[in-house]
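Hi,

Here is the structure I promised to pass on. Have a look at it first, and then read my notes below.

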Amino acid sequence: MTATAPTRRLIVGPFNRVEGDLEVQLELEDGRVRAAFVNAPLFRGFERILEGRDPRDALTVAPRICGICSVSQSHAAAGALAAAQGIEPPANGRLATNLILATENLGDHLLHFHAFFMPDFARDAYAARPWFGAVRERFKATQGSSLRRAVEARTALYHMLGLMAGKWPHTLTIQPGGVARPLDARDRVRLQAQLRSFRRFLETHLFGTALETVAALTGADDLDRWRTEGPAGDFRLFLALAADLDLAGLGRAHGRFLSHGAYPDGAGGHLYRRGVVVGGTPHPFDPAEVAEDHTNSRMTGRDRPHPPFAGSTIPDEADTDGYSWCKAPRLSGLPAETGAIARQLADGHPLVRDLVARDGGSVFSRVVARLLELARTVPAMEGWLQALDPAAPWCATAPLPASAQSIGLTEAARGALGHWLRIEQGRIAGYQIIAPTTWNFSPRDAAGVQGPLEKALEGVPVGDEGGASLAVQHVVRSFDPCMVCTVH
Amino acid sequence: MTSMLWIQSGGCGGCTMSLLNAESPGLLPMLEEAGIDLLWHPSLSEETGAEATAILEAVCAGTRPLDILCVEGSLLRGPGGSGRFHVLAGTGRATIHWVRDLAAAARHVVAVGTCAAYGGITAAGPNVTDACGLQYDGRRRGGLLGEGFAARGGLPVVNVAGCPTHPNWVTETLMLLAGGALGATDLDPFQRPRFYADHLVHHGCTRNEYYEYKASAEKPSDLGCMMEHMGCLGTQAHADCNTRLWNGEGSCTRGGYACINCTAPSFEEPGHPFQETPKFAGIPLGLPTDMPKAWFVALASLSKAATPERVRRNAAADRIVVPPTIRNTGKS
């Protein structure tokens, strides 16, 4: 037996600038994280709230799981109901739904980068770094000039949601058969003007150039060139600090990625393809391979895996072994990471493929994937707006069956979201939800395999700072966690 | 300066997300201009972990004076009164205990959203978590802090109810409190600020002409009034959504869907599907506020009989199929 440094255990939390409540227990050794245990300390029980209700009530209740991914919850619920009813929205309904969801997702990406992730680099601990002055001026929490401009840009962008969806969050516009708010030619030019303003904001302040130039990036070498000679903007500033701090070498998880596919194209596919990527190789996604493990959750039913259609959500009040309210979703028995990085990988975008081939999923590649998605999605939205046909219908209707079993899959900003619905005797008999951060921040499973964040935190250098380590903060926030969705 | 602290309890965070959409001015400039010093907000502040906990402890100990405590989200008393369904991360202590201590230290206590006010959606169904509001448990006074609670400044909990809250309901409440301009008589019987709660969602609804003639929408995307079939409670819901508007030019009814009366206690359990109007003998059960039933029935049957063809046809269409007539066009 060799002498090793003593292990220190400490509990870090509350994590701010994440959506909802998060606590992480760290075991430290030799100035690094030896093991991490992620705890979602809030349980509300939405799956239980939904049981027994009229199935259509899911459209009202499910969005209220989350105030930041509200539309994606709405979309998943509408998808599950549509599958149960056997209907498809008309083209206008699909396009308007895509526009509503994309608006939320882009607003989330924007807020995450400017208000949640970047302010950590404006902390005094980095005062000696060459980029610090600029970062502090632009990204200091609540004060930075770029941060404030981004909050304003998001507010202006969300005027599109006021027009298309009545309000945000918690709209009921998205229905199983399409949308409840028809749009006319005037609405379209107004929406086009609002989207152009958002494009201008991104091109002026974030990227310093056309979105299409960003979308055309093909690899890490392009980013190196951008860092040294690219256009001035917050993207270039991020590239500078990321290189200086080696964010590409920080926060690698299991290297298994899942995307449900984002923005249906009406022909069975998506704007961003559905799929699983393992070791750089794409595979098809089969929802039947998904099951939740309760071993380390404070939930009953630890003796078996829970495929969502047979899932349960019964908190174990006497439990002292579980360390999170979060269940552990597994795909073919293994954890998976989800988010913009998984979407862009599954879609085969060369930039993200190259970054992940070099360094795996990392703090750097997760953030780059999100910014890339801002650049790629706005032009797609412009196309959807153009494709709306004010003379055509917006919403189909069909009766609800007395019994059915169906799935609604979508992508929130932070990744794969699924609703598994069972209807019996005209009521909701079972409703299981697996949200993006349920995947990313899951606890260990029966085999002791860590969730993606738990894996990503292992080996993170914390030096003498321990729980105050900013590296830990960067890794956690690189996932853009939504804790209220996680447990729901 | 007015100090403010924000705590998130058992909710979705949507009231904060909505608040970030405040306009003219935006949230962060508004706080500065109103002289409100944000001690800590979980979504916005720099301080994390032990730094954040230290701020909460200093407020509880009275070493950092607190003028306004904002609580967002339901208060989870379960399981068995322990509050363990929501432990404030990093502290090992149930959030309900933190909130009790912080509320005792604050000059004003504001419940942001229907969850913090009355329990809200988290209290729906079996209410597994024993969720309640700060001073209400559904319609019953009591809640976490108790019926007799008054903050140090003398007011009971100020309930900025809504699911979510309109950003400017919150910013205007904060500015009124900071300016010493919100008194007990400025709150309605459910302790909501009257400036927005003494209006009805019906006021300014663009579907008013359809309402007048009981020309009704039958399915989503129809233009007609949503009271008769689609579950709309706009004539009973206390809020100024259709005169203030959301995210630019929106509101629930303008977005094509029913008002579900989300500013009211127990909105989460209407006793019928949210998007369907309960009826007895073909007559909607919920009457417009302050309207005697006999008059409603009489006027409804009269106005239905008088419905212009234009209104009747447009009501069940997803676009205007018959425009209003223009007289004296100069054309024959």
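In chain A there is an open sheet of four strands, ordered β10-β9-β6-β13, and its pairing is mixed. The edges belong to β10 (281-283) and β13 (337-338) of chain A; each has a single partner strand, so one side of each is left without a neighbour in the sheet. Further in, β6 (residues 256-259) and β9 (residues 275-278) of chain A run antiparallel and are joined by four bridges. If you want a spot to start looking, S259(A) sits opposite G275(A) in β9(A). One thing to keep in mind throughout: this is a predicted model.

Still in chain A, take a look at H75(A), which is part of helix α3 (residues 70-85). Is H75(A) buried or exposed? H75(A) has 27 other C-beta atoms within 10 Å, and 20 or more is the cut-off, so H75(A) counts as buried. Leaving aside residues up to four places away in sequence, H75(A) touches T97(A), L101(A), I174(A) and T410(A).

Now over to chain B. This chain has 332 residues, 57% of them buried, and it contains 11 helices and 13 strands. Its C-alpha trace spans about 80 × 45 × 35 Å along the principal axes. Counting contacts in chain B between residues at least 6 apart in sequence, 68% join residues at least 24 apart.

Seven of its seven residues are buried, so β3(B) is largely enclosed by the rest of the structure. Which strands does it pair with? One is β1 (residues 2-8) of chain B, which pairs with β3(B) in the parallel sense over five bridges; there, Q8(B) has E72(B) as its bridge partner. Another is β7 (residues 106-112) of chain B, also parallel to β3(B), with six bridges between the two.

Where the domains meet, 17 residues of domain 1 are in contact with 12 residues of domain 2. The domain 1 side of that contact has eight nonpolar, seven polar and two charged residues.

There is a database record to go with this part. In an unreviewed entry, UniProt lists residues 12-176 of chain B as "domain: NADH:ubiquinone oxidoreductase-like 20kDa subunit". That span is 32% helix and 21% strand, and its end C-alpha atoms lie 26 Å apart.

Last, the place where the two chains touch.

Over to you!

Conventions:
Residues numbered from 1 in each chain as written. Chains lettered and ligands numbered in written order. Predicted model: local features only at pLDDT ≥ 70, side-chain atom pairs only at ≥ 80, totals over all residues. Buried ≥ 20, exposed ≤ 12 C-beta atoms within 10 Å, placed from the backbone. Contact = placed C-beta atoms within 7 Å. UniProt positions renumbered as here; feature names shortened; annotations may be inferred. Nonpolar A, V, L, I, M, F, W, Y, C, P; charged D, E, K, R; others polar. Pairing = 2+ DSSP bridges.
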